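This report describes the fold and selected local features of one protein chain. Please consult the sequence and the model while reading.

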Amino acid sequence: MRTNKHFLAILLCFVSVLFSYSQIETDSTSIAVNDKVVIATDTLVKTPIDPLRPAKAAFLSAVLPGLGQAYNKRYWKIPIVWGAIAGGVLVYDFNTKQLDRYRDAYKRRLAGFKDDEFYGDGDSPNISTDALVRAQTQARRNKDLSLLVTLGFYALNILDANIDAHLLQFNVDDNLSLSPHFQYNKMENASDLGLTLNFNF
């Protein structure tokens with residue numbers, strides 16, 4: 001039972017961190033009271049919403065993968081984007097070379113030669129002609145799949161930049177807040193966990 005409460009407490013803290021990010025800038029003054037700093041807000045200034053920001057981020061990511069993430073100031077995502085797309089390109093290149101090897105050997109077999117890299121030194125080939133046909137089919141399938149995965153990573157890069165730009169402008173202030181609630185119940189000698197949702201108009 002205690003492990004469930006610990007897990008719930010961690011989950012509530014994680015959810016509150018996700019929802020507590022705010023795009024509101026406040027002009028504030030600090031006042032020292034009994035060696036503690038108290039923040040007193042004078043005015044509340046909301047960040048203006050730019051409706052074209054998501055489209056611009058998506059366009060930049062389409063031109064150069066990772067550029068939209070840099071525009072959104074999510075610099076830690078750039079190596080992930082580049083690594084994913086570069087990995088897909090490397091796998092595509094590897095499968096293309098494998099397909100060329102099998103195809104060249106197969107063409108030499110059809111021409112009557114026995115000197116391809118898969119034939120071997122004896123009179124009978126180490127890899128048969130039918131096996132070369134199957135190897136070509138498999139390499140072509142892997143090549144097409146790696147191309148689709150690479151294009152998928154490229155599309156995800158654009159989608160991530162667009163969604164991130166939308167979320168950066170998501171307005172969360174004191175009028176709308178979700179925070180964890182923790183209280184010790186002395187009567188039952190137990191802890192009460194929950195979420196507090198506030199919204200004011």
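What is the accessible surface of the protein chain, and what share of it belongs to carbon and sulfur atoms? It comes to about 14500 Å², of which 63% belongs to these atoms; accessible areas come from the Shrake-Rupley method with a 1.4 Å probe, and for residues only the protein chains shown count as cover.

The model is predicted: local features need pLDDT of at least 70, side-chain atom pairs count only at pLDDT 80 or more, and totals for chains, interfaces and linings use all residues. Residues are numbered from 1 along each chain as its sequence is written, and side-chain values use heavy atoms, with hydrogens and water left out.

The chain holds five helices and four strands, in the order α-β-β-α-α-α-α-β-β from the N terminus. Helices (H or I, at least four residues) and strands (E, at least two) are DSSP runs, numbered from the N terminus. Of the 201 residues, 24% count as buried. Buried means under 20% relative accessible area, exposed over 50%, and partly exposed in between (1.4 Å probe, protein chains only).

In helix α2 (residues 53-63), the buried residues are Arg53, Pro54, Ala57, Ala58, Leu60 and Ser61. Seen down the axis of α2, they fall within an arc of 160°, so they line one face of the helix; the arc is that of the directions from the helix axis to the C-beta atoms. These buried residues pack against α3 (67-71) and α5 (129-168), contact meaning heavy atoms within 4.5 Å. Phe59 and Val63 are exposed on the face turned away from the buried side of α2.
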